[in-house]
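Have the sequence and the 3D view open as you read.

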Amino acid sequence: MPHTIEFIAENLMQNTAEYYCAYCGEPNLTFIDLSAGGQQSYVEDCQVCCNPNILYVRVDEDTLDIEIDTESES
Ligand SMILES: [Zn+2]
């Protein structure tokens, strides 16, 4: 089923996920590079209040479910 394989390959490369800002609680969209591994952490500024959130990203390699915990940088 070539259709299915293409779909999975696209999802393996990158995906978007939502997290809630640790400062203002507003939802933000972030771009996950799935080729970077199942556990990642990086800092991203909130699109609403511009404060730096530390994102802890976990990707389930079977289902590609993404979970994100946020922490304030200070
Ligand atoms: Zn915010």
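Let's start with Ile32, which counts as partly exposed because it has 19 C-beta neighbours inside 10 Å. The cut-offs behind that word: a residue is buried if 20 or more other C-beta atoms lie within 10 Å of its own, exposed if 12 or fewer, and partly exposed in between, with C-beta atoms placed from the backbone. Ile32 sits in strand β2, residues 27–32.

A word on the ground rules. This is a predicted model, where local features need pLDDT of at least 70 and side-chain atom pairs count only at pLDDT 80 or more, while totals for chains, interfaces and linings use all residues. Residues are numbered from 1 along each chain as its sequence is written.

**The overall layout**

The protein has one helix and five strands, and from the N terminus on they come in the order α-β-β-β-β-β. Helices (H or I, at least four residues) and strands (E, at least two) are DSSP runs, numbered from the N terminus. Of the 74 residues, 12% count as buried.

**The sheet**

Strands β3, β4 and β5 form an open sheet in the order β3-β4-β5, with antiparallel pairing; two strands pair if DSSP finds at least two bridges between them. At the edges are β3 (39–45) and β5 (66–72), each pairing on one side only. From one strand to the next, the twist averages 25 degrees (axes are lines fitted to C-alpha atoms, for helices over the stretch in contact, and angles run from 0 to 180 degrees between N-to-C directions).

β4 covers residues 52–59 and pairs with β3 over seven bridges. Seven bridges also join β4 to β5. Over in β5, Val57 is partnered by Ile68.

| Hairpin | Residues between the strands | Residue with positive phi |
|---|---|---|
| β3 and β4 | six residues | Cys50, near 65 degrees |
| β4 and β5 | six residues | Leu64, near 60 degrees |

For β4, the covered face has Asn53, Leu55, Val57 and Val59, and the uncovered one has Pro52, Ile54, Tyr56 and Arg58.

Which residues make up the largest nonpolar core? There are five: Tyr19, Leu55, Val57, Val59 and Ile68. Such a core is a set of buried Ala, Val, Leu, Ile, Met, Phe, Trp, Tyr and Cys residues joined through C-beta atoms within 7 Å. The largest share of this core, three residues, comes from β4.

Val57 is worth a click: leaving out residues up to four places away in sequence, Val57 touches Ile32, Gln40, Ser41, Ile66 and Ile68. Two residues are in contact if their C-beta atoms, placed from the backbone, lie within 7 Å. Among contacts in the protein between residues at least 6 apart in sequence, 32% join residues at least 24 apart.
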